Structure formats: structure tokens, C-alpha cells
Amino acid sequence: MPQTITEKILARAGGVDSVRPGQNLPFRPDHMIAYDFPGYTDVMFRQMHEDFGITELAEPERYLVFIDHMLTKGDDKERDIHKVTREWCDFYGITLHEAEGIGHQVAAELGYALPGRFLIHFDGHVSGLGAFGALGWGVRRDLLEAWVSGQLYLDVPASVRFDLTGEFRPGVDNRDLIHAIIGQLGADGCAHQVMEFGGPGAEAMSIDRRQGLCGMAMFTGAVSAIFNPDRAALEYAAGVARGPYEPVASDPDAEYSSRHTFDLSAIEPQVVLPGSARSANTRGVSELDRTAVTKAFIGSCASGRIEDIRDAAQLLDGRKVAAGVELNVVPTSAEIHRQAEQEGLLDVLRGAGANIHTSSCDFCFGYQKPLQPGEKCISTGVLNISGRMGSTASEIYMGSASTVAASAITGWISDPREVTES
């Protein structure tokens with residue numbers, strides 16, 4: 001029976017020859033991931049111990065925990081949160097990665113997100129690991145089931161196929177594409193399904209762009225997103241792999257719930273208006289009136305990788321951040337920070353007036369330098385709901401790293417192509 005890459009990965013994880021959409025089966029993830037956050041990880045550990053009597057894990061190597069939130073104040077509250085996580089991870093023998101960057105990126109750098117693997121997390125942005133031909137699924141409340149039993153029951157999702165043609169033009173990237181998709185299909189256009197990207201445009205897309213695209217899948221209603229592993233993904237995997245893995249790919253005659261074609265060369269820079277990533281909130285940047293901003297942010301698990309930083313540095317080289325605008329740049333991982341430093345990109349950004357910060361999730365969820373009432377921010381963060389980055393009386397617009405950098409230069413939301421040409 002012909003199958004999609006998602007169906008093949010789940011069939012292996014379920015110990016069966018094949019699966020079909022709608023089946024409810026138990027699946028055994030290769031890795032079960034979390035980050036420490038009050039009310040999540042600490043509660044799961046306590047429930048495992050007190051409610052289920054688990055004092056030892058049979059396969060602790062399947063569990064991963066990242067400390068990537070609440071790292072920037074250095075106060076007693078932060079220390080207590082992380083102390084609890086360290087103690088529980090030590091008790092159970094769970095691998096803990098602390099302050100190495102945002103876990104969704106670090107998991108890839110450390111060779112956990114390999115082609116054909118199945119990984120779960122309570123955070124839906126783990127879908128970014130689909131860039132490597134792995135299936136990353138945010139299960140939220142069901143994560144405890146997996147942590148306790150080593151498996152969890154899931155409904156097999158159908159797949160929506162996106163055939164990509166062409167290549168991005170300068171000033172346009174994966175953020176513009178995902179928002180264009182939401183604008184066309186709606187915020188529930190892929191509800192409870194997996195977005196599968198293919199075609200020549202997908203093959204031409206860099207790993208960085210693929211990660212950023214897959215990581216935003218949840219805003220279409222999708223449970224995940226994935227690329228079939230090609231030479232770029234396989235070469236990356238070969239350089240970081242921890243243990244064996246088995247790449248799989250969709251059969252040519254696999255069935256999809258629907259198919260859509262997007263020409264990357266036809267995508268324009270997009271901006272999401274404050275409130276949410278609903279289709280009605282998506283606009284081409286050229287459609288907006290001049291909207292002044294006071295803050296600009298480049299970072300997050302979706303848009304703080306080396307190519308995003310290169311794009312920003314190219315625009316800001318020889319230019320200055322506008323008076324009255326504060327630009328904050330947060331590389332997605334410590335490794336990306338080191339690479340950007342070595343390439344001289346961070347010096348360019350500093351010279352233009354940007355502030356460079358240690359990698360963490362803290363800017364994106366309003367913990368570090370929260371927005372104040374009345375402020376307007378243009379951001380590459382993953383959410384722009386009220387209060388996401390601070391005060392509920394502030395406003396968050398979302399766009400690509402190029403759009404954010406261009407807006408920081410002019411002081412209002414701007415088309416990066418116009419700044420380049422000026």
C-alpha cells in the first residue's frame with residue numbers, strides 16, 4: 001500500500017507494516033522531549049514519581065530535557081526552577097542540556113532529529129525538526145502518557161501536500177511563505193494533518209529555511225510538517241548522527257487529503273497584524289500604511305538561525321537603527337551565536353546599534369525586556385497574541401528577519417526590498 005513519509009515513520013514507531021489516516025494506535029517515540037517550565041516539567045516529574053510510583057526508567061536515553069527558558073534574570077526564582085529540573089533529571093538519569101540554546105534547534109545540532117525518527121514534545125514548534133525528514137509532534141497533555149508508559153496513542157493524521165516551485169527572491173523567506181499559506185488556506189486549513197513539502201522549490205530551500213517553515217506549522221492547524229530527506233538533509237544527519245537511523249520517503253503514488261502549489265518566486269514580504277496568525281491578519285507589507293515601531297526583535301525557534309542573521313546584517317551593514325527604535329537580536333543557539341560572531345555578523349549588527357543577547361526563549365515569551373504599554377514591536381517571534389511579549393496594551397507585528405531589520409532602519413514597518421534599493 002503506498003504511504004506518505006509520515007505514515008511510514010508512524011508505522012515503524014507503531015511496530016506495524018502500514019498505517020492509514022484515522023487509525024488510533026500506540027506509538028513508541030524515539031525521543032520524548034520537554035523544556036523546564038513551571039507547571040509542566042516539574043509537574044510531570046512529580047506525577048511520575050508520586051502518582052505512578054516510577055523510580056527508575058527502563059530507557060532513560062529516550063528522554064531529553066532542555067533548559068532554555070527563564071535564563072536571563074539570574075534571580076533566586078530562576079535558580080530554584082532549574083535546580084528542581086536538574087535534580088529530577090539526575091534522579092531518573094535523563095539527559096539534560098542547559099543554556100545551549102533553544103531546544104528545538106539544539107536537538108537538531110546534537111543529532112537527535114534524524115531522518116525517519118519520531119519525536120514528541122509538549123511544545124508544537126518541535127515540528128521544525130521535520131526539516132530533516134523526522135516527525136516532530138507537539139502532544140501537550142498526552143506527553144505524560146508517553147513519559148510514564150514509553151508510548152502513547154495517537155490518531156494517524158492525513159497529509160496535505162505542498163508542491164513548491166521557484167526560489168525565494170531577495171528579501172523573502174520561509175516566514176513570508178508560511179504566512180502566505182495561512183492567508184490563502186486559513187488558520188485551520190491543515191487542521192489535524194501533517195504538512196508535507198516537496199517539489200523543486202523545496203529541494204532548493206536551505207535547511208535553515210526548512211526548519212523555520214516547519215516550525216510554524218501549528219498556525220495552519222497542522223500537527224506537524226515534514227520534508228522528504230534529500231541530499232542536504234542526509235549530509236547534515238551524517239555529520240551529527242547519534243546512533244543508527246533509517247530514512248524513509250513518501251511513495252510517488254501516496255495519497256494526500258489535498259495538494260497545493262506555491263511558486264516561491266511569487267511570494268511577497270508578509271506581515272501579520274497584532275492579535276494572532278489568522279488569515280485575516282496577514283497582509284503584504286506593501287499593503288500597510290506607514291506604521292511606526294519602537295521595538296524590533298530577531299530570534300526565536302523559527303527565525304534566529306545563521307541565514308536570518310546574515311540577512312539582517314546585510315541590510316544593516318553601513319546603516320543605523322532608527323532613533324527611537326530598539327533592535328534586539330537573539331541567535332537560536334549558542335552554536336549559531338558562535339558562528340555569527342566568527343563571520344563578523346554580530347559586529348555589523350552591533351555597529352548598526354543592535355543589541356545582541358544570549359540564546360534563550362526569554363524574549364519571545366515576554367520574560368526578557370517585556371514590551372511596555374503603548375509600544376509597537378515588529379518581531380520574528382512565533383506568536384503575537386495580546387500580552388505575548390509583555391503588556392497587553394502593546395502591539396506585536398510579525399514578519400521575516402529581513403522585514404524586521406528593514407523596519408528597524410526606517411522606524412516603521414518596511415519592505416526590505418525598498419531599503420535595499422534606497
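Trainee: How many helices and strands does the protein chain have?

Mentor: This is a predicted model. Its protein chain has 14 helices and 18 strands.

Trainee: Into which domains is the chain divided?

Mentor: Domain 1 covers 5-16 + 25-246 + 256-264, and domain 2 covers 270-417. Their C-alpha centres lie 24 Å apart.

Trainee: How do you know that domain 1 and domain 2 are in contact?

Mentor: The test is heavy atoms within 4.5 Å. By that test, 37 residues of domain 1 are in contact with 38 residues of domain 2. The two domains bury about 3000 Å² between them, with 58% of it on carbon and sulfur atoms. Ile-102, Arg-175 and His-179 supply 20% of the area that domain 1 buries against domain 2, more than any other three residues.

Trainee: Why is the pair Asp-308 and Arg-209 called a salt bridge?

Mentor: The cut-off is 4 Å, from a side-chain nitrogen of Lys or Arg to a carboxyl oxygen of Asp or Glu. The side chains of Asp-308 and Arg-209 meet at 3.2 Å, N to O. That is within the cut-off, so the label holds. Between domain 1 and domain 2 the count is three salt bridges. The count of residue pairs in polar contact between these domains is 20.

Trainee: Which helices each supply at least two residues of the side of domain 1 that touches domain 2?

Mentor: They are H4 (103-109), H6 (174-185) and H8 (207-214). H6 gives the largest share, seven residues. By class, this side of domain 1 has eleven nonpolar, 14 polar and twelve charged residues.

Trainee: How many salt bridges does the structure hold, and what makes Glu-268 and Arg-169 one of them?

Mentor: The structure holds 25. For Glu-268 and Arg-169, the closest N and O atoms are 2.8 Å apart. The limit is 4 Å, so the pair qualifies.

Trainee: Why do you say that this pair ties parts together?

Mentor: Look at the two loops. Glu-268 lies between strands E11 (258-263) and E12 (270-272), and Arg-169 lies between strand E8 (159-165) and H6. These parts are 99 residues apart in sequence, so the pair ties them together.

Trainee: Where is Lys-73, and which residues does it touch?

Mentor: Lys-73 sits in the loop between strand E3 (63-67) and helix H3 (76-92). Not counting residues up to four places away in sequence, Lys-73 touches Glu-78 and Tyr-367. The C-alpha atoms of Lys-73 and Gln-368 are separated by 7.8 Å, with the two residues 295 apart along the chain.

Conventions. Residues are numbered from 1 along each chain as its sequence is written. This is a predicted model: local features need pLDDT of at least 70, side-chain atom pairs count only at pLDDT 80 or more; totals for chains, interfaces and linings use all residues. Side-chain values use heavy atoms; hydrogens and water are left out. Domain bounds come from an automatic or database domain assignment. Buried area is the accessible area (1.4 Å probe) that two parts lose on being put together, summed over both. A polar contact is a pair of N or O atoms within 3.5 Å; within protein, one must be able to donate a hydrogen and the other to accept it, and residues adjacent in sequence count only if both atoms are side-chain atoms. Helices (H or I, at least four residues) and strands (E, at least two) are DSSP runs, numbered from the N terminus. Ala, Val, Leu, Ile, Met, Phe, Trp, Tyr, Cys and Pro count as nonpolar, Asp, Glu, Lys and Arg as charged, and the others, Gly among them, as polar.
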